[in-house]
Amino acid sequence: MSSYHQAVCDVIGKLDLFFEKYYSSINLCGPELDATQYQRHPLMFACTHRSHMDYILVGYKLHKKGFKNMRFAAGDNLTKLPYVGPRFTSLGAFTVSRDNGFERNYVRKLCDSVICMLDRGEPIIVFPEGGRSYSGAMLELKNGILGAAVLAQARDLDRDVYVVPIAVSYDLIPDLPYFNLLQKGKLLKKKSNPFVKRIIGSMFYFGADLFAYLPLFLNKAGKKKFGNVYIDYKAPISVRSIVDVEKNRNEKARDDFSAHRVSMQQLSTYLHKEFHYLYRILPVHLVSFLLKNGNDTVEKMETQIESLIERLRENNRNAEMVSKIKPAETVKQGLDILVKQKAISVKAEIIIRKQFIIDYYSAAV
């Protein structure tokens, strides 16, 4: 048993209490996963990224399903946080540098490191959007760590290297109220800026996450504060059934990573589509979309809900949940979430107080 797995086992009881207090439900939705069977192979869970809670929630639920010795990719903005960073690394996190993510040598070394983890039988959880989506829309996927799955498959064509697409949808995201501050810090801390500006940017960037999560770690947040979470996934699929790594190989490329760039891009394209189809549409998404488009009363929204859901279903979106709820209940649930976040006030008309929160949820539709 690895030290990472033992560290998770040591805190799992505390996580049970933590999630029971702060969430109404955490729902893992998809086909049955036989951890013993799939962990005999190199295995990568590729997940959407909306919140720092993704790391904990996905790892927690997979641990409950029997997966052991899991590792997960985390940005240095998380692993460098005081106290929190060392805790995450002790539980299996490995650092991905934000500043070096586009440097060829860095990405090659990172992929080699991930392949070693896969070969040791350590399932990897990755977030190929490259960071949290501050807009609420699905980001284009980075080939970086996904490239490790392709290279692992290319180095042994006779074995199956599996990937599992996962999408996480939240009623409420702890980080969301601080995304504006995070983006401001991200701009200020660029390497091209003067030293003082970079320091201020780092204070905004890291401080936003501390403001978001410190109340949770200090046990100060309200009970059931964050509502429901839905973790939707598809059955594991082998890389070689998605792409033909042998046919796509560029024999004239200068290195192994470059030789498989076509296969990496094809895997990214496949996962991006799966993320889009898996991501669960919730009442707050529908209500926010309707608000953004000028429907400022409950009555107006109720008349639009069914046609909006039908359009989503025609586009193969995951609208199963909202399809089973009556329009009046859908509107009520969505408004309740937005009121909790102080994004709106509801009187004779609905008044938007925080447009960026409405924009964020609306982008999912």
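## The second largest pocket

The second largest pocket holds about 700 Å³ of space. It is lined by 23 residues, and those closest to its centre are Val 11, Leu 15, Arg 87, Leu 91 and Phe 217. The structure described here is a predicted model.

Four helices, α1, α3, α5 and α9, each supply at least two residues of the lining of this pocket. Helix α1 gives the most, with eight residues. By residue type, the lining of the second largest pocket divides into 18 nonpolar, two polar and three charged residues.

## The cavity

A search of the whole structure for cavities of 30 Å³ or more finds one. The largest cavity has about 30 Å³ of space. Its lining is made up of Tyr 4, His 5, Val 8, His 63, Phe 67, Lys 68, Asn 69, Met 70 and Leu 91. Leu 91 is also one of the residues closest to the centre of the second largest pocket.

Helix α1, residues 3-22, contributes three residues, the largest share of the cavity lining. Of the lining residues of the largest cavity, five are nonpolar, three are polar and one is charged.

## Aromatic pairs

How many aromatic pairs does a search of the whole structure find? The search finds 17. In one of them, the ring centres of Tyr 22 and Phe 226 are 6.3 Å apart and the planes meet at 55 degrees, so the pair is tilted. The label follows because planes under 30 degrees apart count as stacked and those over 60 as edge-to-face, with the rest counted as tilted. Tyr 22 belongs to helix α1 and Phe 226 to the loop between α9 and β7 (228-233), so this pair ties together parts that are 204 residues apart in sequence. Tyr 22 and Phe 226 are both buried.

Tyr 55 and Phe 88 also form an aromatic pair, this one edge-to-face, with 6.0 Å from centre to centre and 80 degrees between the planes. The pair links distant parts of the chain, since Tyr 55 is in helix α3 (residues 53-64) and Phe 88 is in helix α5 (residues 84-90), 33 residues apart. Tyr 55 and Phe 88 are both buried. Tyr 22 and Phe 226 also belong to one aromatic cluster together with Phe 18, Phe 19, Tyr 23 and Tyr 60.

Asn 193 sits in the loop between α8 (179-188) and α9 (195-217). Is Asn 193 buried or exposed? Its relative accessibility is 18%, so Asn 193 counts as buried; the cut-off for buried is under 20%. The side chain of Asn 193 reaches the backbone oxygen of Leu 188 at a distance of 2.8 Å. With neighbours within four places in sequence left aside, Asn 193 is in contact with Leu 187, Leu 188 and Arg 198.

Ser 258 is in helix α12, which spans residues 256-259. With a relative accessible area of 12%, Ser 258 is buried. Which side chain does the side chain of Ser 258 join in a polar contact of 2.5 Å? The partner is Arg 104. Apart from neighbours within four places in sequence, Ser 258 is in contact with Arg 104 and Ala 253.

## Positive phi in two loops

Asn 316 has a phi near 60 degrees, which is a positive value in a residue other than glycine. Asn 316 is placed in the loop between α15 (298-314) and α16 (320-323). Its relative accessibility is 51%, so Asn 316 counts as exposed; the cut-off for exposed is over 50%.

Lys 342 likewise has a positive phi, near 60 degrees, in a residue other than glycine. The loop that holds Lys 342 runs between α17 (327-340) and β9 (344-346). Lys 342 has a relative accessible area of 61% and is therefore exposed.

How values were computed: Residues are numbered from 1 along each chain as its sequence is written. This is a predicted model: local features need pLDDT of at least 70, side-chain atom pairs count only at pLDDT 80 or more; totals for chains, interfaces and linings use all residues. Side-chain values use heavy atoms; hydrogens and water are left out. Buried means under 20% relative accessible area, exposed over 50%, partly exposed in between (1.4 Å probe, protein chains only). A polar contact is a pair of N or O atoms within 3.5 Å; within protein, one must be able to donate a hydrogen and the other to accept it, and residues adjacent in sequence count only if both atoms are side-chain atoms. Contact means heavy atoms within 4.5 Å. On a 1 Å grid over the protein atoms alone, a cavity is a set of points where a 1.4 Å probe fits but cannot get out, and a pocket is an open set with protein on both sides within 12 Å along at least five of seven lines; lining residues have an atom within 4 Å of a point. Grid points are joined across faces, edges and corners, and a volume is the space filled by probe spheres set on the points. Ala, Val, Leu, Ile, Met, Phe, Trp, Tyr, Cys and Pro count as nonpolar, Asp, Glu, Lys and Arg as charged, and the others, Gly among them, as polar. Rings of Phe, Tyr and Trp (its six-membered ring) pair if their centres lie within 6.5 Å; planes under 30 degrees apart count as stacked, over 60 as edge-to-face and the rest as tilted.
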